[in-house]
Amino acid sequence: MLNPINLAFKKAKSQHRPALLTYTVAGDSTKKQSLEILKSISHHADILEVGVPHNTPVADGGQIQTSAYRAIKNGIKMNDIFKIIRDYKKSKNPKPVIFMGYYNMIYQYGENNFLKNCEKSGVNGLIVVDLPWPENKIFSKKCKKKSINFIQLLSPTTSNKRLKSITKDSHDMIYYISMLSTTGGKLKVSPKKILSNYKKIKKISPNKNCVIGFGITEKTISSFKSTDGLVVGSQICKEITRCLNNRQNPVINVSKMVSRLRKKIS
Amino acid sequence: MKLKKRIPVIDQGDKFGFWGGKFGGNFVPETLKKPIEDLEIQFNKLKKDKNFLKERDKYFKNWIGTPTRFIKLNELTKHVGGAEIWSKVVSDANGGAHKIYNATVHCLLARRSGKKVIIGDTGAGYAGKMLSMAAKKFGLKCKIFMGAKDIERQQPNVKAMKKNGAEVVPVYSGSKTLVDAVSECMRYWVANCDTTAMCVGSTVGPAVFVRICGWSTSQISRELKTQLIDHFGTVPKKVKLYNCVGGGSSSFGFWNEFMDYDKKQVEFIGVEAGGPAKSKKHAAPLTFGSKIGILHGAAQYVNQNSDGQIEETESISAGLDYPGVSPLHCFLKDTKRARYTAASDEEALKAYKIVTRFENLRPSLEPSHAFAVAIKEAKKLSKDTVVIINSCGDAYKDRAILEKKLGKKYVKSN
C-alpha cells in the first residue's frame with residue numbers, strides 16, 4: 001500500500017499540478033477552532049502540516065511565532081494536539097498530516113512514546129526543524145519502522161556532498177527551504193534561482209517528492225507550478241491574526257485563502 | 001560520565017559536540033549547518049595557529065588590559081572572620097566585564113573570514129556592549145538583540161552600545177529577556193548567515209559557540225594561576241573559587257586552568273540566580289534539578305514544563321536571568337567537578353551592601369550572587385583556606401536598580 005503522503009503527491013501529479021501543503025499551528029487560536037480550520041482547508045489542500053507550537057523557536061518568523069504564542073497562551077498541550085489530529089482524521093475528508101516542530105517537544109514526550117501516539121492518532125509525517133542530518137539518523141529510522149515519513153530539510157547552504165547524503169537517507173518526501181530566511185520572509189531570491197536549485201535536487205533524487213517552502217504566498221505561488229509541491233504557512237497564520245483582530249471568522253477566511261491558492265496552481 | 005585529564009574541557013565533546021554523551025550538540029536548522037561547520041573548521045585551525053594566538057594575546061594585553069587585578073579583601077576577611085577572602089577583579093577589563101574576551105575573539109574570527117557584520121545577544125547588556133566595542137575596534141558593523149525588559153533595566157549599557165555605533169534591536173517576544181534575545185539573534189543569523197557572523201554572548205548555543213566562548217574567557221584562570229603562584233609561591237592547598245553562573249561564561253573561564261587539580265585542593269562553586277525569595281521562579285536549573293532539554297541548539301539542564309515549553313525566569317540580575325545553562329556546567333555538575341548552589345535576589349543585594357561597605361569594590365548584581373555564598377561559607381572555613389570570588393562585572397550598569405532597592409546612598413558612592 002502506498003503511503004498516504006505519496007498517494008497525495010500522485011493524485012496531484014495526475015492532475016498536472018503541484019501538491020498544496022498548508023501549515024497551521026495546532027491550537028491556534030483555540031483547540032476547537034484549529035480543528036475547524038483543518039477540516040475546512042481539507043477541501044482544497046493535499047497535505048496538512050500542523051505546527052506543534054514551541055516558545056523558543058529558532059527558525060520561525062513573526063507570523064508563525066504569533067500563532068504559536070497564541071496557542072500556548074490558550075493552553076495547548078501535546079496531548080491536546082494528538083487529540084486534534086485524532087478528531088480531524090475522523091472527519092469526512094481527511095488528508096495526510098505532517099507534524100512540524102522542534103525537537104524538545106519530542107524529547108520531553110519520549111521519542112518512542114511520541115511516535116506511538118503519532119501512529120495512533122494518524123500522523124503521517126514529521127518535520128523536526130532543529131534535528132538536522134546526521135543527528136537525525138536514529139530517530140528517522142524509528143519513524144520509518146512506524147511507517148511515519150521523516151522529512152529531511154535542505155537549504156541553499158546545503159553542500160552538494162551533504163545533499164547527496166541527506167536525500168539518500170530521506171523517505172518519500174523532502175523539503176527544500178527556498179532561501180536564507182526564517183519562515184514568513186519576503187521572497188528575496190528569484191523564482192528562477194530557486195527552481196534551478198530545485199532541479200538540482202530532483203536530478204540527484206528524482207524519485208523523492210520535493211516540496212518548496214518559505215516565502216510562498218498567493219503572490220508568488222504561481223511561479224512554482226512545475227514542482228512536486230508547495231508549502232504555504234506564514235500567510236495563513238497572518239490571515240488568522242488579521243481575522244481575530246477584525247473580529248472576523250478565521251475558519252471561513254482561511255478556507256477561502258487556501259481555495260484561492262489552489263486555483264493559482266491548478 | 002568522566003572528566004578527562006590533560007585535555008581541555010572544551011575539546012572533550014564527541015564528534016557531534018556532546019559532552020558526556022548528552023550535553024551540548026547542534027540542534028540547529030539545516031540552514032545553519034554550513035556556517036557552523038565553517039566556523040568549527042576555522043576555530044579548530046586558528047586555536048593552534050601561533051600567529052593567531054599572538055594576535056589574540058596582543059589585543060588581550062594592549063586593548064583589554066590583561067592581567068586584571070588579584071586582590072586580597074582585607075577588611076572583608078576581618079569582618080567575616082574565617083578564610084582569607086580574595087577577589088579577581090575581572091571588571092578591570094576594558095568595558096567593565098569578562099564579556100570582552102569572547103567578543104574580541106569573535107570579531108577576530110569574523111574579520112579573518114571576511115564577514116562585514118557581526119550580531120550578538122545580550123542580557124545585562126555587557127555582552128552587547130563589549131561586542132559593540134570590539135566591532136568598532138575591528139571595523140565591523142554591529143547589531144545587538146536585547147529583550148525589551150532588559151533594555152529598560154540596563155540603560156547605561158544600552159547607551160554605551162549605541163555610542164559605539166551598534167544598532168540595538170529590542171525583542172518583544174516571550175518574556176522579553178535574554179532567552180528571547182538569543183532566539184531572535186539566532187533567527188536573524190538563519191536569514192543572514194551568508195554575510196553575517198554571529199557571536200553568542202555566553203558558553204551556550206551550538207557546540208562551537210560554547211567552545212569559542214570557553215576558550216576566550218579561560219584567559220581569566222590563566223592569569224589567576226600565575227598570580228596565585230606569584231603571591232603564594234604555589235597553588236595553595238585549599239582554594240575555593242566562587243563564581244556566579246547564568247550562561248556560565250565567566251565561571252568556566254575562572255575555573256578552566258584548575259580543572260585537573262583535585263577538587264579537595266581547588267574547589268569550584270557556581271552560584272546561580274535563585275530569584276526573589278518569595279517567588280517560585282528562578283534562573284537556577286542546576287541547583288533546583290531542572291530536567292535536560294534542548295534550548296538554543298544545545299541539550300542542557302533547563303527550566304521547562306512537562307511538555308517542553310521553556311519556562312520564564314526571574315532574577316534581579318539580567319545577566320543571570322536565563323532558563324538554561326552551559327552544557328559545560330551540566331558536564332561539570334554530573335562529573336561532580338563543580339558544586340552548584342543559588343543565592344536569592346535579597347541575598348545578592350545584602351552581599352553588595354557588605355562588600356561595598358568594607359572594600360573599594362563595586363561588584364555588579366551578577367557577582368554579588370557569588371559574594372553572597374562566599375561570605376556565608378567563608379565564615380566556617382579555616383584561616384588557611386583561600387576563597388576567591390570572580391568580580392566579573394562592575395555595578396555601574398545596575399545604578400537604577402540599586403538606587404530603587406537600597407536607596408541613593410549606595411549609588412552615589414559609585
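1. Chain A holds eleven helices and nine strands. Both kinds of element are DSSP runs numbered from the N terminus: helices are H or I with at least four residues, strands are E with at least two. The model is predicted; local features need pLDDT of at least 70, side-chain atom pairs count only at pLDDT 80 or more, and totals for chains, interfaces and linings use all residues. Residues are numbered from 1 along each chain as its sequence is written, while chains are lettered from A and ligands numbered from 1 in the order in which they are written.

2. Confidence. The model scores ipTM 0.96 and pTM 0.97. Chain B has a mean pLDDT of 96, and 99% of its residues reach 70 or more. Here pLDDT is the predictor's confidence in each residue, from 0 to 100. Where pLDDT is low, the predicted coordinates should not be read in detail.

3. Overall dimensions of chain A. The C-alpha trace spans about 45 × 40 × 35 Å along its principal axes.

4. Nine strands form an open sheet with parallel pairing, in the order S5-S4-S3-S2-S1-S9-S8-S7-S6. Two strands pair if DSSP finds at least two bridges between them. Strand S5 (149-150) and strand S6 (152-154) of chain A stand at the edges; each has a single partner strand, so one side of each lacks a neighbour in the sheet. S5(A) runs parallel to strand S4 (residues 125-128) of chain A, and two bridges join them. A:Gly125 stands opposite A:Asn149 in S5(A).

5. A sheet in chain B. This open sheet has six strands and mixed pairing, ordered S3-S4-S14-S9-S10-S13. Strand S3 (69-72) and strand S13 (338-344) of chain B are the edge strands, each pairing on one side only. The twist averages 25 degrees from one strand to the next. For such angles, axes are lines fitted to C-alpha atoms (for helices, over the stretch in contact), and values run from 0 to 180 degrees between N-to-C directions. Strand S9 (residues 239-244) and strand S10 (residues 266-275) of chain B run parallel and share six bridges. B:Val239 has B:Val266 as its bridge partner in S10(B).

6. Domains of chain B. Domain 1 covers 18-60 + 98-214, and domain 2 covers 65-96 + 218-412. The bounds come from an automatic or database domain assignment. The domain centres, taken over C-alpha atoms, are 22 Å apart. Their contact takes 43 residues from domain 1 and 47 residues from domain 2 of chain B. Residues count as in contact if their C-beta atoms, placed from the backbone, lie within 7 Å. On the domain 1 side, H8(B) gives the largest share, five residues. That side has 21 nonpolar, 18 polar and four charged residues. The classes: Ala, Val, Leu, Ile, Met, Phe, Trp, Tyr, Cys and Pro are nonpolar; Asp, Glu, Lys and Arg are charged; the others, Gly among them, are polar.

7. The chain interface. Chain B contributes 32 residues and chain A 31 residues. On the chain B side, helix H1 (30-46), H8 and strand S11 (292-295) give two or more residues. H8(B) gives the most, with seven residues. The chain B side divides into 13 nonpolar, 13 polar and six charged residues.

Notes. Two residues are in contact if their C-beta atoms, placed from the backbone, lie within 7 Å.
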